[in-house]
Each structure stands twice: as C-alpha cells, then as structure tokens.
Amino acid sequence: MKLKSRKLLALICCTSLMLSAVSIPAYAQESDNILTPDELVADFSSVYNNDPNIIMEDVNGNDITLTFVEETKNWYENKEYEKVYDFFVDNVYRMTENDSPLTRSGIDLSKTVTEKVTIFCEWTGEMDPEYDLVMNRDNDGYVSYYVRCTITYNPNTYVITSIGTPLRVTGLTMVGEWADNLTPAIGDENYTKGPLGGVSTYVRYWVEIVAWYNIAGANLSMLTYDVPNYSTITIEAG
C-alpha cells in the first residue's frame with residue numbers, strides 16, 4: 001500500500017476510535033432490497049389461509065408447509081414476527097408461489113421462488129491493517145441468505161417467457177461458529193440470468209463477503225473472503 005493510503009487509513013482508524021458508537025460503512029450495509037422480518041413474514045399471510053399455491057420445503061425437498069403453519073401460527077397471530085422469521089430461516093430451504101390458473105386463465109402465469117443460499121467463506125488472509133490477534137485465528141465461516149426470483153410462462157406450452165430481477169430478500173445469517181468479534185457483511189453483489197424459451201431456467205446470484213473485526217466498540221478492520229462462483233437457483237415452469 002502507498003504511504004499516502006496508509007496515512008489516510010490511520011486517520012480513519014483514529015477518527016473511528018473517538019466515536020462512542022461506530023456503524024459499518026455505507027457500502028457494506030444491506031441493500032434496499034432487504035426485507036425486515038416483519039415485511040418478510042407479511043408475505044406469509046396466504047400460507048396461513050391454506051393457499052394451495054404456496055409450498056414450503058426443507059433442504060431435502062420435503063413439503064413442510066403444514067408443519068410451518070402449525071408451529072408458527074400462534075406467533076403470527078400474536079404478531080411475534082421475529083419468532084416466525086427465525087423458524088423460517090432455521091427450517092425453510094425453498095418457498096414456491098404459483099399464480100393460480102383459475103384466476104389467470106388465458107394469459108401467462110407467474111411463479112416465484114424464494115431459496116436459501118448457504119456459502120462457505122474462506123478468508124483470503126488479507127487484512128488492513130494487520131492485527132496479530134486476528135491474523136493468527138481461524139476466521140473462516142458459513143453464512144446464509146435468501147434470494148427471490150419470479151418467472152412467467154405460457155400455461156399451454158410451459159415455455160418461460162420472462163425472468164424477473166433476482167433479489168436478495170434477507171440479510172446475512174451466520175451459520176455455526178464464527179470467531180469472536182467478527183461480523184460478516186455484504187461488500188458487493190451481482191447476478192446473471194439464464195436463457196428464455198425452455199421449460200426451466202436459472203438465476204445466478206453472487207455476493208462478496210467481508211467481515212468486520214470489532215475493537216473497543218469500533219469496526220475498524222475489513223477481512224475479505226473467497227466465495228466460490230455464483231450460487232445457482234433453478235426454476236421450472238409449472
């Protein structure tokens with residue numbers, strides 16, 4: 001790093017230490033697409049009304065919609081949305097919402113998939129500045145988040161006619177153990193879409209994971225991670 005950059009970094013760090021409460025810099029904050037637990041749970045209202053077009057599955061592909069309703073309905077009715085949200089994150093791998101053919105006869109139907117992505121974050125070993133306390137520790141870990149995407153398709157041929165913009169609709173959840181004082185966050189994110197014209201397609205969603213090391217209440221240091229490729233979500237018509 002150039003001397004000028006090091007002086008700038010030192011100034012930033014000194015300034016941060018003077019603050020009584022320091023928040024993560026803006027570029028590492030969650031994007032506007034993130035739903036609060038209350039907003040996400042609000043999308044589940046049809047589930048509690050026994051909408052047959054909404055299906056929740058676990059990581060093995062088992063339909064757990066009824067289990068979800070039975071376990072969370074009282075929380076939902078009592079507006080304990082954080083509990084509903086936590087149960088969703090812990091148990092639901094994929095939620096599928098189909099537009100009912102009974103109400104959309106004769107025009108393209110839509111299908112929305114909300115899928116959980118879990119990735120392993122392997123630290124690159126880079127940190128600025130380098131703190132021996134952190135450099136000598138195991139800083140790898142898993143995180144998860146949910147991505148949502150909607151397709152439309154012809155109800156007669158099942159040919160996919162459009163793919164909506166995929167959105168990451170939850171923040172990061174730490175999975176398992178992370179080193180003390182480390183907080184993972186989003187540094188950057190992007191996506192690509194698969195082709196149209198078939199009965200299935202995909203979206204690929206990519207995130208850059210960074211982690212902040214907390215020193216005396218100030219998030220001073222950024223660790224960067226290698227995340228392998230894009231997370232691919234397959235969506236089939238019907």
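**Note on surface patches and salt bridges**

1. Asp38 is partly exposed, at a relative accessible area of 43%; this class lies between buried, under 20%, and exposed, over 50% (1.4 Å probe, protein chains only). The structure is a predicted model, in which local features need pLDDT of at least 70 and side-chain atom pairs count only at pLDDT 80 or more, while totals for chains, interfaces and linings use all residues. Residues are numbered from 1 along each chain as its sequence is written, and side-chain values use heavy atoms, with hydrogens and water left out.

2. Asp38 is placed in helix α2; helices (H or I, at least four residues) and strands (E, at least two) are DSSP runs numbered from the N terminus. Together with Glu39, Glu82, Asp86 and Asp90, Asp38 forms a negative surface patch. Patches consist of residues with over 30% relative accessible area and no salt bridge, joining like charges within 9 Å and nonpolar side chains (Val, Leu, Ile, Met, Phe, Trp, Tyr) within 5 Å. Lys and Arg count as positive, Asp and Glu as negative, and His and the chain ends are not counted; a charge is placed at NZ of Lys, CZ of Arg, CG of Asp or CD of Glu.

3. At least two residues of the negative patch come from each of α2 (37-42) and α5 (81-91). The largest share, three residues, is supplied by α5.

4. Phe120, Tyr142 and Val175 make a nonpolar surface patch of about 240 Å², with areas from the Shrake-Rupley method (1.4 Å probe; for residues, only the protein chains shown count as cover). Val175 belongs to strand β7 (residues 173-175) and is partly exposed at 32% relative accessibility.

5. The count of salt bridges is four, each being a side-chain nitrogen of Lys or Arg within 4 Å of a carboxyl oxygen of Asp or Glu. One of them joins Asp43 and Arg148 (3.2 Å, N to O). Asp43 lies in the loop between α2 and α3 (45-48) and Arg148 in strand β4 (residues 141-153), so the pair ties together parts 105 residues apart in sequence.

6. Arg148 is buried, at 15% relative accessibility, whereas Asp43 is partly exposed, at 31%. The side chain of Arg148 also makes a polar contact with that of Thr114 (3.1 Å); such a contact is a pair of N or O atoms within 3.5 Å, where within protein one must be able to donate a hydrogen and the other to accept it, and residues adjacent in sequence count only if both atoms are side-chain atoms. Thr114, in strand β3 (residues 109-128), is buried at 1%.
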